[in-house]
Amino acid sequence: MSKEPLQVTRQLYDYILKFGFRDDPLLQALREETGKLPASVMQISPEQGQFMALLTQLMGVKRAIEIGTFTGYSSLSVARALPADGKLVCCDISKEYTDVARRYWAKAGVEDKVDLRLGPALDTLAALRKSAAGTFDLAFIDADKTSYPAYYEAVLDLLRPGGAILIDNVLWGGDVADPKANDAETIILRDLNRHIASDRRVDFCLLPIADGLTVARKR
């Protein structure tokens with residue numbers, strides 16, 4: 001029997017974190033340090049980081065790339081889940097924020113797994129498309145929303161068949177479903193969601209994790 005969609009109240013969310021999330025001191029310290037920053041809202045949620053780590057393990061990921069590293073919560077989650085010979089390419093433009101990430105990669109002993117590339121992500125992706133197309137197992141997109149369509153096309157080229165794309169913020173606080181919300185970022189995300197839904201190059205699902213997470217598998 002079908003039921004009404006579940007409403008995640010604060011009480012229920014606390015329950016999810018208590019029984020559906022396994023914390024540790026390093027993750028907690030990074031969340032607390034990032035929480036003091038003006039842009040702390042850009043950090044992914046704890047349960048999303050755990051989901052990404054689990055998916056990395058389930059897929060046997062060895063080569064991953066993320067667009068938008070910030071202070072490193074997603075990269076820390078993924079890098080710790082990679083095998084000893086795994087590699088994660090991180091694309092970001094901020095040395096200030098990624099210096100925080102570097103400290104936590106070092107504390108976790110995964111700094112050798114991470115290849116940080118500072119500069120416009122589209123430039124990094126263009127270079128990788130020439131040298132490493134079809135070689136990545138996993139990609140995570142969580143950067144400037146106006147470039148999401150370009151990032152999506154670029155990582156599709158970089159992924160091997162069967163590789164997965166994770167795209168963050170695809171529900172955008174619910175604005176994508178609000179016809180009265182027509183700012184540039186909302187329109188781009190709404191159009192991207194529509195495009196992926198009809199893109200026969202991938203199999204996909206849109207999950208209501210945090211601010212919305214699309215998981216797409218390259219055919």
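The model is predicted, so local features need pLDDT of at least 70 and side-chain atom pairs count only at pLDDT 80 or more, while totals for chains, interfaces and linings use all residues. Residues are numbered from 1 along each chain as its sequence is written, and side-chain values use heavy atoms, with hydrogens and water left out.

Select helix 3 (residues 46–59) and helix 4 (residues 73–81), whose axes come within 8 Å and cross at roughly 30°; the two helices are therefore roughly parallel (angles under 35 degrees count as such, and those over 145 as roughly antiparallel). Helices here are DSSP runs of H or I with at least four residues, and strands are runs of E with at least two, numbered from the N terminus. Axes are lines fitted to C-alpha atoms, for helices over the stretch in contact, with angles from 0 to 180 degrees between N-to-C directions.

Now show the side chains of Asp24 and Arg80, which form a salt bridge with the closest N and O atoms 2.6 Å apart (a side-chain nitrogen of Lys or Arg within 4 Å of a carboxyl oxygen of Asp or Glu). Asp24 lies in the loop between helix 1 and helix 2 and Arg80 in helix 4, so the pair ties together parts that are 56 residues apart in sequence.

Finally, select Asp137 and Arg160, whose side chains meet in a salt bridge (2.6 Å, N to O). Asp137 belongs to strand 4 (residues 136–141) and Arg160 to strand 5 (residues 159–168).

Note on methods
Angles under 35 degrees count as roughly parallel, over 145 as roughly antiparallel, 65 to 115 as roughly perpendicular and the rest as oblique.
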